[in-house]
Amino acid sequence: MKNDKAHFIAFVGVMFALIFVLFLLEGTVLSGLGMTACILSLPVSIALSIYDDWKRSFIGGTLLGLSSCLFCLIFASLFLPYANPLICVLPRMFIGITAYWTYFGLAKLLNKSKRKFLRETLPAAVAGIVGSLTNTVLYLLAINIWSGDIMGSLTAIMNVAVSVFFPIELVACMVLVPAYVAVLKKVNHTLIFKGSEKPVTSENVVNNDNLS
């Protein structure tokens with residue numbers, strides 16, 4: 001188990017680096033608009049949250065929030081107001097939680113289907129949509145709560161974020177999350193949990209239900 005934990009910690013470190021690089025790429029390209037769109041980083045974060053044990057469902061969103069905070073500090077002249085952890089980290093901790101239970105519920109509901117699309121792809125795609133909605137709603141809510149009147153000039157940017165960035169993020173999560181989940185499950189079983197003891201995941205629960 002110690003070896004498994006070491007592998008998992010290293011894996012989380014690699015995923016944090018990946019999410020941050022993707023967020024940095026997105027932010028650099030879109031920094032002129034005063035707001036970033038999580039087109040690539042958000043699907044990775046959601047997939048990281050739902051592919052494994054529910055106890056780790058907060059990890060993906062937390063890593064995304066930390067990447068956002070670090071990015072805002074690097075580009076302080078443009079994004080410093082967003083560097084507040086109560087804005088960029090705390091709301092995103094709930095992304096994986098809502099996405100995971102959506103995925104778990106649908107996977108259990110559709111586990112008897114003969115079509116792989118209904119058993120695996122559809123639950124992950126819907127979970128991606130729910131995770132994207134959670135990110136947008138809670139992030140903008142946090143901005144409104146903690147920013148006050150000093151952020152009134154950013155109303156136009158918020159409108160762009162909702163009307164332009166959000167639909168793109170939604171489609172990206174719906175399409176990419178199922179693919180990322182499949183990859184992460186394969187990495188999980190081959191590199192992290194090498195022993196006979198496996199984590200309790202939605203997939204394991206569904207399989208156990210089929211055997212009972």
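I take a contact to mean heavy atoms within 4.5 Å. By that rule, and not counting residues up to four places away in sequence, L176 touches I39, L40 and P43.

**Basis.** I worked from a predicted model, in which local features need pLDDT of at least 70 and side-chain atom pairs count only at pLDDT 80 or more, while totals for chains, interfaces and linings use all residues. Residues are numbered from 1 along each chain as its sequence is written, and side-chain values use heavy atoms, with hydrogens and water left out.

**Entry 1: overall fold.** I read helices (H or I, at least four residues) and strands (E, at least two) as DSSP runs, numbered from the N terminus. The protein chain holds 9 helices and 0 strands, in the order α-α-α-α-α-α-α-α-α. I then looked up contacts between residues at least 6 apart in sequence, and found that 76% of them join residues at least 24 apart.

Entry 2: Accessible areas come from the Shrake-Rupley method with a 1.4 Å probe; for residues, only the protein chains shown count as cover. The protein chain exposes about 10,700 Å², of which carbon and sulfur atoms supply 71%. I call a residue buried under 20% relative accessible area, exposed over 50%, and partly exposed in between (1.4 Å probe, protein chains only). Of the 212 residues in the protein chain, 47% are buried.

**Entry 3: L176.** I returned to L176, which lies in helix α8. L176 is partly exposed, at 24% relative accessible area. I also noted the C-alpha to C-alpha distance from L176 to A124, which is 9.2 Å across a separation of 52 residues in sequence.

**Entry 4: nonpolar core.** A nonpolar core is a set of buried Ala, Val, Leu, Ile, Met, Phe, Trp, Tyr and Cys residues joined through side-chain atoms within 4.5 Å. The largest such core has 38 residues, and I46, L48, I50 and V181 touch the most other members. Two or more residues come from each of α1 (2-30), α2 (41-50), α3 (59-74), α6 (95-109), α7 (116-147) and α8 (155-192). The most come from α1, with 7 residues. I listed the contacts of L48, not counting residues up to four places away in sequence: F11, M15, I19, I59, G60, L63 and L184.

**Entry 5: nonpolar patch.** Patches are made of residues with over 30% relative accessible area and no salt bridge; like charges are joined within 9 Å, and nonpolar side chains (Val, Leu, Ile, Met, Phe, Trp, Tyr) within 5 Å. I found a nonpolar patch of about 960 Å², made by W54, F58, L86, L90, F94, I97, W101, L141, I145 and W146. The elements giving two or more residues to this patch are α6 and α7. Helix α7 gives the most, with 3 residues. L141 lies in α7 and is partly exposed, at 44% relative accessible area.

**Entry 6: cysteines.** C38 is buried, at 1% relative accessibility, and C88 is buried at 0%.

**Entry 7: salt bridge.** I counted a salt bridge where a side-chain nitrogen of Lys or Arg lies within 4 Å of a carboxyl oxygen of Asp or Glu. The count comes to 1 salt bridge. R56 pairs with D52, the closest N and O atoms being 2.9 Å apart. R56 is partly exposed, at 24% relative accessibility, whereas D52 is buried, at 2%.
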